[in-house]
Amino acid sequence: MHQSNNYKDNNGNSIIMRFLKKRQEMKIKKKYLLGLSIILVFFIFSFSDCKGENKNEKQIAQQAARPTENDKKAELESREEIKPKEIVEENEGKDLNEKEKLAGKEKEEYVFVEKWDEESIGEQISPGGIAIDSKGFIYISDATNHFIYKFSPDGKLILKWGEKVKFLWGYGLTVDSNDFIYLSDPWGNKIYKYSSDGKLIKKWGEMGKEKGKLREPCGIAMDSNDFIYVTDRRNHRVQKFTTDGKFITMWEKGEGKEGKFRDPMGVAVDSKDFVYVADTWNHRIQKFTSDGEFITMWGKKGENVGEFLAAGAITVDSKDFVYVLDSNNHRIQKFTSDGKFITKWGKKGWREGGEFEHPRAIAVDSKGYVYISDLGNHRIQVFKKNRIL
C-alpha cells in the first residue's frame, strides 16, 4: 500500500510512532512522580507525629514540674508551722507595715460566716445602713427600693416597711436606748424616726446651710444620752440633735486642718461618748468629744495599712474598737480607740465571702459578729473574729 510522506518527518521517521513513544514516556514519568509524592507525604506526616509526640512529652514534663494543689497545701502548712507570736517578738519595734509583711498574719482575723442575699431573703436588696437594737434585731435600709427591713439575728426576714412614707434614699441607720429607729435620707435632706415595728413617729430636716438644716445627711449615730450625731456631708460638718430633732450644736467645715472636714460620710460614738467621724475625702478618721472638741486623728490617702481610699462608714463595738469601711479599697480596717491598727480584711470581688463591691455600712452586735452591707453585690455579709495570736 502506498504510504503518504505526510506521516513522516524530514528524517523519514514515522510521526505516529514518535507520538506513541513520547506518550509512553509521559506515563512512566507520571507513575514516578506519583510514587515520589506518596513517599514525600508519608515523610511529612511521620515528622509531624514525631514532633507532636515530643511536644506532648514536653507538656507532660512541664505539668509534672508544676506544684499540685496538695503541694501548695503542704507548702502553706509548712509556713503556718512558724509561730506568729515568735515572729512578732522577733520584730518588736518595727513599723506595722513591715511586721505585717514579715509575719504574713494579723493579730486577729475575721472569717466569713454567711450572706443574706436574694436567694435567702426572697427579693433583691440594695443595702444601705445597718443598725442593731437592744434585743439583737437587725435593721437594714434599702438604698433604692425605699424600704427598711427587720431581721432576726439568724437572718430571717421579720418585717419591712416604707410603702406609706417614701424616703428617697435610705442611707444611715441608728437606734436609741428605747429601740426607736432613725434613718438619714441624703436626697430628701431629712431624718426619719420610726418605732421598731415600722410606725413613723417623726421626721425633720430641710435643705440649707443654716443651723439645723441639711445638705445630704449621711452618717447617723446615737450616744448614751440619746443625742443624735449626723454627718451633714455637703455642708462639711457634724450636727448634733435631740431625738425630736432639736438642734444642739455643730462643728464646721474646712479641709486639711484638725477638726475640719471634706464630705464626711460616717459617724460613730463609743461607750464614753467620744465621737468618731469618717472624714471621707480627706481619707482619715477624726475623734472628738461629744461637744465637738478635737481629740486626735489618723489615716491618709493610700492602700497600705492604716491608709484609706474614701473612708466611708464607721462603727464602734462594745469594747470601743473602731471599724472603718475603706470603701474604694473594698475592705474593712479595725483600730483601737486612739487609732492603732489591729487588723483588716476584704478585697474587691463578687463571688466569695469577704469580697466586696463598695461596701456601704457596718455594725457589730453584742457577741462581736460584724454585719456589712455589700451594696454593689446586693447582699449582707456576716463575719466573726478568729484570734490567731
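In the hairpin of S7 and S8, with four residues between the strands, Asn189 adopts a positive phi near 55 degrees. Strands here are DSSP runs of E with at least two residues, helices are runs of H or I with at least four, and both are numbered from the N terminus. The model is a predicted one, so local features need pLDDT of at least 70 and side-chain atom pairs count only at pLDDT 80 or more, while totals for chains, interfaces and linings use all residues. Residues are numbered from 1 along each chain as its sequence is written, and side-chain values use heavy atoms, with hydrogens and water left out.

Back to that loop. Asn189 sits between strand S7 (181-185) and strand S8 (190-194). With a relative accessible area of 8%, Asn189 is buried (buried means under 20% relative accessible area, exposed over 50%, and partly exposed in between, using a 1.4 Å probe and protein chains only). Residues up to four places away in sequence aside, Asn189 touches Trp204, Gly205, Glu206, Met207, Leu214, Arg215, Glu216 and Pro217; contact means heavy atoms within 4.5 Å.

As for S7 itself, five of its five residues are buried, so the strand is largely enclosed by the rest of the structure. In a regular strand the side chains alternate between the two faces of the sheet. In S7, Ile181, Leu183 and Asp185 point one way while Tyr182 and Ser184 point the other, and all are buried. S7 pairs with S8 in the antiparallel sense over five bridges, where two strands count as paired if DSSP finds at least two bridges between them. Leu183 stands opposite Tyr192 in S8. S7 also pairs with strand S6 (residues 173-175), again antiparallel, over three bridges, and here Thr174 faces Tyr182 in S7. The hairpin of S6 and S7 has five residues between the strands, and in it Asp179 has a positive phi near 65 degrees.

Stepping back, the protein holds five helices and 26 strands. Of its 389 residues, 43% are buried. Among contacts with a separation of 6 or more, residues 24 or more positions apart account for 45%. The accessible surface comes to about 22300 Å², and 51% of that belongs to carbon and sulfur atoms; the areas come from the Shrake-Rupley method with a 1.4 Å probe, and for residues only the protein chains shown count as cover.

Next come the aromatic rings. A search of the whole structure turns up 23 aromatic pairs. Rings of Phe, Tyr and Trp (its six-membered ring) pair if their centres lie within 6.5 Å, with planes under 30 degrees apart called stacked, over 60 edge-to-face and the rest tilted. The ring centres of Trp116 and Phe151 are 5.1 Å apart and their planes stand at 35 degrees, so this pair is tilted. Trp116 belongs to strand S1 (residues 108-116) and Phe151 to strand S4 (residues 148-151), so the pair ties together parts 35 residues apart in sequence. Both Trp116 and Phe151 are buried. Trp204, one of the residues touching Asn189, makes a tilted pair with Phe241, at 6.1 Å centre to centre and 55 degrees between the planes. Since Trp204 lies in strand S9 (residues 200-204) and Phe241 in strand S12 (residues 237-241), this pair ties together parts 37 residues apart in sequence. Trp204 counts as buried at 10% relative accessibility, and Phe241 is buried at 0%. Ring pairs also link Tyr110, Phe112, Tyr323, Trp345, Phe356 and Phe383 into a cluster.

Some rings have a charge over them (NZ of Lys or CZ of Arg within 6 Å of the ring centre and within 35 degrees of the ring normal). The charged end of Lys240 sits over the ring of Phe227, 4.8 Å from its centre, and Lys287 lies over the face of Phe274, 4.6 Å from the ring centre.

Elsewhere, S4 and strand S5 (residues 157-161) run antiparallel and are joined by four bridges, with Lys150 opposite Leu159 in S5. Further along, four strands form an open antiparallel sheet in the order S18-S19-S20-S21. Strand S18 (311-316) and strand S21 (341-345) stand at the edges with a single partner strand each, so one side of each is left without a neighbour in the sheet. S18 and strand S19 (residues 322-326) pair in the antiparallel sense over four bridges, and Val322 in S19 is the bridge partner of Val316.
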